[in-house]
Amino acid sequence: MKKGLLLLVLFVFVLNIQVSVCTDVSKWLQTVNMKLEALESTDELFWYDWNTDINEENEALAIEADKLLSIFKNEAITNITKFSDDEINALSDAEKRELYLLRVLNDIPPLKDEDDNEQLSKLIADMSGIYSTNTIALPGGGTGYLTDAEDFMANSFNYTQLGLVWYEWRYGVRSMKSKYEQMVELSNKGAQQIEFNDTGDLWKSRFDMSAKDFEKLVDKLWNDLKPLYSSLHCYVRSRLNTFYNEQNSQIVFDGIDQDGNEVFQEPIPAHILGNMWAQDWSNIYDIVVPFPEASTPDISPQLQDKTPVNMVQYAENFFSSLGLGDLPHKFWDHSMLSKPEDKDVVCHASAWDIDRGNEESDEDVRLKMCIEKTQSDLITIHHELGHIYYYKQYRTQPQLFRNGANNGFHEGIGDTIALSTTPDYFQKIDLLPDFVSDEKSDMNQLMMKGLEKIAFLPFGLLIDKWRWDVFSGKTKPEDYTNDWWYYRNYYQGVQTPFVLSEEDFHPGAKFHVPSDVPYIRYFLAAIYQFQFHEALCKLAGHEGPLYKCSIYESEEAGAKLKEMLSLGASKPWQEALGVILDQEDADISASSLLKYFKPLHDWLNDQIDSQDLQCGWKYKSRDGSYHLTGVNNKDPDSFSEESSDDTTDPKKEDESNNSLFAIILGLACIGCLGCSIICGLVVVSIVKYFTKSDDDEDKPKKTKKKKKKLNVADRVQLVDAV
């Protein structure tokens with residue numbers, strides 16, 4: 001009841017933001033900041049309540065709070081266009097920046113027509129619903145959601161069953177394709193109404209530079225990083241090929257096949273990298289570990305007598321040792337640190353900025369996490385508190401400045417702190433008493449870190465690369481999935497294990513696409529964190545390899561970190577970065593990341609040379625021709641993107657590769673009762689594709705009757721019947 005009254009008050013509070021537009025721009029901005037703070041605080045509170053107690057009442061209140069916030073932001077953003085150039089020029093630099101940030105505030109641009117706004121919101125809600133309720137038929141029997149599919153992808157090493165789960169997840173999101181096409185059209189319409197070319201242009205304009213300059217920046221960063229990625233890719237592909245070829249001699253993507261044919265420089269099959277999207281390869285660590293006999297640090301046994309509160313206190317002590325203070329009392333009063341037994345909750349770890357309070361000690365910041373007594377979770381707590389201490393440092397800024405310097409900074413800060421959770425740090429806090437590191441254990445740790453950090457880089461880039469093309473119209477709806485695989489093939493060096501169809505919508509299999517959440521921030525954060533880390537390590541007086549540094553107990557590093565964090569978004573990110581690097585207008589650079597992983601890069605190249613591995617991978621361009629990229633993994637200036645010398649017809653090559661997969665799949669299906677139906681569907685689709693003659697392309701299409709699509713429950717019933 002109290003929450004309902006609060007919403008009513010807020011509704012009255014936000015009515016007619018445009019009333020003050022005609023008076024004074026400075027006063028209007030003050031009003032915007034005040035109302036935005038109240039609305040965002042309430043919205044955050046209601047969504048936190050829903051995340052920690054999932055029920056219909058909490059969901060309804062959170063949705064209503066979202067609507068009020070959306071109405072306000074849409075009205076405020078569209079009102080910006082009503083100000084004259086003279087009015088804007090008369091503003092202070094800080095006020096001009098507030099207008100700039102307000103204009104690019106929304107991921108989903110507002111539409112002037114309320115019916116259009118409602119339709120756009122419904123399309124995104126529908127797609128998110130398809131994604132969140134998507135289920136798959138599990139190989140062991142029964143059905144599962146994404147978490148079940150992810151667990152299977154992480155823990156199974158059955159080549160065929162991995163392919164089935166991979167396919168099933170993507171099969172279930174096909175239905176959102178037409179909705180996504182409509183969403184793109186409406187989103188672009190909103191972007192154009194606030195004077196952007198399209199939504200991609202809006203997203204790229206958030207980085208204190210032109211959209212074109214931003215594209216050049218990310219391309220340069222990738223070119224600098226590609227040699228390192230190519231070395232990891234080359235080594236991992238070889239080890240995976242050996243591993244799976246020992247299971248089944250017909251599986252070859254980096255070696256000599258049964259008939260004596262050379263099969264080299266192929267992309268890695270996307271379903272065998274331990275992750276649904278091949279964005280994190282940590283789960284194949286046991287296959288690629290450099291020195292299996294070497295010890296690996298694990299503090300999990302030391303955590304078994306600790307409580308979740310104890311674990312958070314370890315992380316709090318880390319920040320206190322930097323001179324950043326303690327967590328406020330409301331953090332301990334309201335955070336969810338354990339999974340409750342009496343209600344449903346969202347366990348995924350997240351940091352929340354509810355209310356800055358009148359005093360720092362009264363600030364309401366929270367952690368939501370179902371903490372397990374593991375090393376991984378303790379590192380995650382350090383990461384999440386990185387966000388919370390960011391909130392604490394910029395709490396006195398106006399609401400429009402209460403954010404990261406750009407949307408890559410927040411994630412970058414959290415990850416920077418996590419980089420300091422080294423074995424030496426754990427030894428200092430008495431959680432790793434007996435561990436002694438050596439060169440082999442160091443290399444194993446770097447490999448584990450590389451499988452997470454390096455492997456992610458191309459994926460972090462390509463999602464928005466693809467979307468920029470979609471929003472600009474370069475990629476047409478009929479080419480959504482083909483162009484998606486062009487980017488995955490070109491940047492990641494992975495390939496789909498199945499033939500694509502016109503009905504597929506593989507981009508929709510990643511949460512951020514149907515939810516329309518920009519992704520380039522994660523690519524930037526993956527680079528920023530190493531720049532932050534190196535700069536802070538210098539202040540901490542660290543000597544030795546960068547990967548061994550922890551800034552724990554360095555008040556010098558903490559003071560510089562605090563200086564940068566306190567700026568929030570009040571200055572361009574180049575200035576904020578300059579604070580921590582002690583430079584004017586600093587620029588993002590891959591050099592620190594490359595320095596961190598140099599020992600691993602050198603080791604990988606030694607393995608490549610000693611085993612005479614052929615690096616690089618083939619990719620299929622949009623015109624259908626085949627090329628090579630990433631061939632020279634040591635020299636960034638010598639990357640080739642030449643037409644392949646292979647005289648094999650690309651279509652026949654595809655037929656050979658996919659026919660092989662169909663044979664393997666068919667054989668495996670004989671022994672996999674739980675997978676039989678979906679196996680049959682996939683094999684039939686492949687056979688139909690390859691039995692189609694070239695002449696069929698020119699034949700008039702017959703009108704087909706619509707077939708009823710089998711849902712998961714239907715397929716499971718059929719499997720049970722079999």
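This is a predicted model: local features need pLDDT of at least 70, side-chain atom pairs count only at pLDDT 80 or more; totals for chains, interfaces and linings use all residues.
**The chain as a whole**

The secondary structure consists of 27 helices and 10 strands. Of the 722 residues, 55% count as buried. Among contacts between residues at least 6 apart in sequence, 75% join residues at least 24 apart. The chain exposes about 31800 Å², of which carbon and sulfur atoms supply 48%.

**Helices in contact**

The axes of α18 and α24 (residues 598–610) come within 10 Å and cross at roughly 95 degrees. Helix α18 is therefore roughly perpendicular to α24. On the α18 side, Met-443, Leu-446, Met-447, Gly-450 and Ile-454 take part, and they meet Pro-599, Leu-600, Trp-603 and Leu-604 of α24. The residues of this contact comprise eight nonpolar, one polar and no charged.

Helix α7 (residues 146–155) has the buried residues Leu-146, Ala-149, Phe-152, Met-153 and Ala-154. Their cover includes α6 (114–133), β1 (136–137) and α8 (159–171).

**A loop residue**

Asp-434 lies in the loop between α17 (423–428) and α18 (439–472). With a relative accessible area of 70%, Asp-434 is exposed. Asp-434 and Pro-297 are 137 residues apart in sequence, yet their C-alpha atoms are 9.6 Å apart in space.

**The disulfides**

A disulfide is a covalent bond between the sulfur atoms of two cysteines. The model has three disulfides, listed below with their computed geometry.

| Pair | S to S distance | Torsion about the S-S bond |
|---|---|---|
| Cys-234 and Cys-615 | 2.2 Å | about -85 degrees |
| Cys-347 and Cys-370 | 2.0 Å | about -75 degrees |
| Cys-537 and Cys-549 | 2.0 Å | about -105 degrees |

Cys-234 lies in helix α11 (residues 211–247) and Cys-615 in the loop between α24 and β9 (617–620), so this pair ties together parts that are 381 residues apart in sequence. Cys-234 is buried at 1% relative accessibility, and Cys-615 is buried at 5%.

Cys-347 is partly exposed, with a relative accessible area of 29%, whereas Cys-370 counts as buried at 11%.

Cys-537 belongs to helix α20 (residues 520–539) and Cys-549 to the loop between α20 and α21 (555–565), so the bond ties together parts that are 12 residues apart in sequence. Cys-537 is buried at 2% relative accessibility, and Cys-549 is buried at 0%.

Terms used:
Residues are numbered from 1 along each chain as its sequence is written. Side-chain values use heavy atoms; hydrogens and water are left out. Helices (H or I, at least four residues) and strands (E, at least two) are DSSP runs, numbered from the N terminus. Buried means under 20% relative accessible area, exposed over 50%, partly exposed in between (1.4 Å probe, protein chains only). Contact means heavy atoms within 4.5 Å. Accessible areas come from the Shrake-Rupley method with a 1.4 Å probe; for residues, only the protein chains shown count as cover. Axes are lines fitted to C-alpha atoms, for helices over the stretch in contact, and angles run from 0 to 180 degrees between N-to-C directions. Angles under 35 degrees count as roughly parallel, over 145 as roughly antiparallel, 65 to 115 as roughly perpendicular and the rest as oblique. Ala, Val, Leu, Ile, Met, Phe, Trp, Tyr, Cys and Pro count as nonpolar, Asp, Glu, Lys and Arg as charged, and the others, Gly among them, as polar. A disulfide is a pair of cysteine sulfur atoms within 2.5 Å.
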